[in-house]
Amino acid sequence: MRRFKAGSAGIAVAALALTLAACGSDSGDSDSNTDNEADSSSADLSAELTWWDTSDATNEAPAYDKLIEKFNEKYPDVTIKHETVPFDQTQNKFKTAAESGSGAPDILRAEVAWTPEFASLGYLYALDGTAALDNNFLETPLSSNVYEDKTYGVPQVTDTLGLMYNKALFEKAGLDPEAPPTTWDEVREAAKALKSKAKVDGIYLNSGGYFLLPFMYGEGADLVDVDSQTITVNSPEAVTGIQTAQDMVKDGTSVKPTANDPYGTMMTLFKEQKVAMIINGPWEVAGISDDPNFGGIDNLGVAPVPAGGAGQGSPVGGHNYVVYSGMDDKKAEAAAAFIAFMSSAESEAFIADELGLLPGNADSYDMVSNERVALWADAMEVAQPRPWIPEGGQFFAPLDEMATEVLIQGKPVQPALDKVADTYKSDAVPDYSLE
Amino acid sequence: MRKRFDKHWYAWAMVLPTVIVLGVLVFYPLVRGVAQSFTNLNESNQRDEICTKILGGAETCKPNPDAAQFVGLDNYVDVLTGAQGDFWLQLVNTLVWTVACVVLHYGIGLGLAVMLNRDFRGRSFYRVALILPWAVPSFVAAFAWRFIFDERFGVINGALRAIGLDPVSWFEQRWTSLFTAIVANVWLGVPFMMVALLGGLQSINGDLYEAAEIDGASPWQRFVNITLPGLRPVSSTVILLGTIWTFNMFPIIYFVTRGQPAGETEILVTGAYRAAFEGIRDYSLAATYGVLILSILVVYAGVYKRVLAKQGEVF
Amino acid sequence: MGELMPEAIQPATIEGAQALERLRLPHVRRGRSTLASVGLHATLVVATFCALFPIAWVVLSSIKPASEIRRSEIHVFASPTLENYRTLLTGTDFPYWFLNSVIVAAFTMVFGIAMSATAGYALSRFNFPGKRGLMWTFLLTQMFPVAILIVPIYTIMANLGLIDTKASLVIAYLTVAVPFCAWMLRGYFDTIPRELDEAAALDGLGPYATFWRVVLPLARPGIAVTAFYTFLTAWAEVAYAIAFMQSSRNYTLGAGLQQFVPQFSPRWELLTAGAVLVTLPAALVFFFAQRHLVAGLTAGGTKG
């Protein structure tokens, strides 16, 4: 599954804020641009809360520590045990702990796909009517927290996939670094120029299911249709989309990904300036700009994912704050206050400035000055939500296998997608119907 | 009579701690697992009630309409017909994996042990160097070998390129991918075999060799007629244990190939792990896998012992 | 020794016996041909290279800076630096993990030896009801995959309040190590003649005293193998460590190092440095035990 790392995203003042506000109107409980103006008893609140933070221990956690200090200025008696847990293991650890009733934290930074799953298993408190929902959140990130009409968390950061490219290589190939490709066909053309004039490969397509979603969305397809309860991963549109990706590998536009660790290889080659374009997310920007071989952040261009036949579409990701349902009820007020504070406009703007991540709070965008956030303005415009069902997390393992079969082994696309559909039916969503 | 009772009492006292620990931590889950394999228990239907709690507010509970229930042999049917999971593919992989590893472990271990059994200069250096892989933790070894076989940045492909050959895409094909894991596991497991067989060799009476040489036996004849039979007790034990350990060897496949390409190198234990921990945890399916794995190994051990018993070994 | 000897290959004639005697005389040197010698060394050198190369590669990688470890051009040395070690030791909880692992491994060794030795001795000496069942149990428990046991054992540990404690790991590792060690030690004890036991009984020693004072000291090689095996089990284990330990400061080395290799953005520089530091103590324990490893495994294996 995906992994989110400290990214960097700068904000261009009004543009991004307006864009995102447009696709995400206030859907919290209050319209006002409030910060954590919690109830009167702030100084009396006393509790100890454990927070499992899945962010990177070295690069990101210190920023959250600073936020916690600010929190304690307002609530001196609420102690926060800030624990860093590795992202890869957290879903399992949390589930094991929650199920046995012992060892689970009070607050968790849950990836968007985990939230409906945990909620459906009864591991989370619903936050309706509490101070935690007092902020103005973006609609799409907030929607990942809603399960059966109750809200189980609030967005911390959000992200999407975009077309990241190397400006210097573009110039060398005679392409305009400020006008990156907007369709997959244009990517193909650019790749030819890059190959012949700049002697580098055009694009590296990662053979991961998540990273092929832009191809599907670009044809208007999706994995499942929640409203009609149908599995649509093998629809004709999806086949067209994946076929585009396979053709790009076959005709040399894209490097053929390696079967083992394609993601790591993709990033190494991009940083070494051996491949000019990749599809990836904000969490890599810090690593790219710090790499001695790349040439700094000014060399990096970010554009929305290229369009297929039906337009552009990229998946939305991010993280939410959630509360474990096994937490002692007496700590409820403290937990709500903590979450309200951490997801307030100021707090999330602070994180955006420190780490370059995109806030989930709509009001933060006015306050952010980090230029890295601005890089992603256009890319976020074409982000679309995923089906936020509890089984959502199970969609990716079969999709990853399909990606390997189609991109690396060159197997035919329709049967591969049919196999995915069958696996969805047997393992993930047995109640849905196949097309 | 009293002496017998006393002896038994002491014996039981001596094995009691082991029995308790194993009983609680292995047998109890084992029995529960077998029971679970006849249900459709998974993470979401294991609760009798579904409760929704509001933070600082009310809790409403309702009975779970989908609560886990007895399904008889459905899980076994699903697994064995391939409706769920990929049992037969994984079984073939497991068998190839186990046979290849054990044969190579034993063969290479025996060869090295025979060589080290002679007296020559530098013997202790070689002995220490060759046993060193045993001290390397298995997940470290797995990552090291994966790195070495890396298609772009690994040393093996780098060496191939340096001498003008095409680099091999190790993880793109099922059998080359399995090969990388076998190499890693053989590297890790040969020291144990070598040491065990070396000990076995050293316990064979040297006079036998000398006598045979006088009688005109060739080195090969000496090997077949003295060495191999002499090693039989040690061999039978290490092969039995080695087979069981390799069959269930999780870290190497999980970390070296990760099941690539596209799940084609998964073995039964990694398949069971994925069923247990990826997505909504399917406890009953994982338990089914566990029971099947256990059954295969029990049958194997039973047959193995019977074959050995026929050949005169006493277990 | 009877069963080790096939149809007796003994000198059939007086002449043969005399020839044998002559061979034992020091001045008759049965040298190996030079070709065979070269062949022997060549093979062993290749084998040693194969054995040591991956370790050497990890060591070399650990002294490369992060950006040099995965590069399209592979260099043996590339700006060697100890930065990774410094980051590992000062910027992560590695020292805690190391200490935790030492404690867990030490306790696993002590209890593991105690339990395996007593169980093995009982199996070797006494014919008690349930003996065969127990032997089968030791074999059986090695057959059930760990992956499936993790969640039930976690629940049991949670009920005992042992989650996030080293005790939970020690107990779990005992279930992994003791079956094999007891089995092996039984075989080893079998090679120690019972006459010693009987003599001790005549001297008035009870079974425990016989075990402790008479038999055990003779079993040093077997104990050495058990010590090494239990140590390595505890030292290198990952799955239980990740499952049972919650806070970073309580991790053991296996759990801690795992963090550096998530599926995306692995930190190879820290992993390789950590791998070197993890292997060193294991190698150290191994050096102490290795003299006995051969002898211990032998006898343990001879009688199965």
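Reader: What volume does the largest cavity have?

Author: The largest cavity has a volume of about 120 Å³. A cavity here is a set of points, on a 1 Å grid over the protein atoms alone, where a 1.4 Å probe fits but cannot get out. Volume is the space filled by probe spheres set on the points, which are joined across faces, edges and corners. Before we go on: this is a predicted model, where local features need pLDDT of at least 70 and side-chain atom pairs count only at pLDDT 80 or more, while totals for chains, interfaces and linings use all residues. Residues are numbered from 1 along each chain as its sequence is written, chains are lettered from A and ligands numbered from 1 in the order in which they are written, and side-chain values use heavy atoms, with hydrogens and water left out.

Reader: Ok. How many cavities of 30 Å³ or more are there?

Author: The structure holds 8 of them.

Reader: And which residues line the largest cavity?

Author: There are 14 lining residues (those with an atom within 4 Å of a point). Nearest the centre are V140(B), F143(B), A144(B), V58(C) and T272(C).

Reader: Which elements give two or more residues to that lining?

Author: Those are α5 (138-148) of chain B, plus α2 (34-62) and α14 (268-302) of chain C. Helices are DSSP runs of H or I with at least four residues, strands are E runs of at least two, and both are numbered from the N terminus. The most comes from α5(B), with 6 residues.

Reader: New topic, rings. How many aromatic pairs are there over all chains?

Author: The count comes to 59. Rings of Phe, Tyr and Trp (its six-membered ring) pair if their centres lie within 6.5 Å; planes under 30 degrees apart are stacked, over 60 edge-to-face, the rest tilted. Take F211(A) and Y263(A): their centres are 5.9 Å apart and their planes at 55°, so this pair is tilted. F211(A) belongs to helix α8 (residues 209-217) of chain A and Y263(A) to helix α10 (residues 262-271) of chain A, so the pair ties together parts 52 residues apart in sequence.

Reader: Is F211(A) buried or exposed?

Author: Buried, at 5% relative accessibility. Y263(A) is buried too, at 2%. Buried means under 20% relative accessible area, exposed over 50%, partly exposed in between (1.4 Å probe, protein chains only).

Reader: Which residue has its charged end over the ring of F350(A)?

Author: That's K70(A), 4.2 Å from the ring centre. The rule wants NZ of Lys or CZ of Arg within 6 Å of the centre and within 35 degrees of the ring normal. K305(B) likewise lies over the face of W136(C), at 4.4 Å.

Reader: And how many salt bridges are there over all chains?

Author: There are 22 (a side-chain nitrogen of Lys or Arg within 4 Å of a carboxyl oxygen of Asp or Glu). One of them joins R109(A) and D53(A), with the closest N and O atoms 3.9 Å apart. R109(A) is in strand β3 (residues 107-111) of chain A and D53(A) in strand β1 (residues 47-53) of chain A, so the pair ties together parts 56 residues apart in sequence. Both R109(A) and D53(A) are buried.

Reader: Which residues are linked with E43(B) in a network?

Author: K95(A) and E117(A) are linked with E43(B) by salt bridges.

Definitions and conventions: 1 Å grid on protein atoms, 1.4 Å probe; cavity = no way out; pocket = protein on both sides within 12 Å on 5 of 7 lines; lining within 4 Å.
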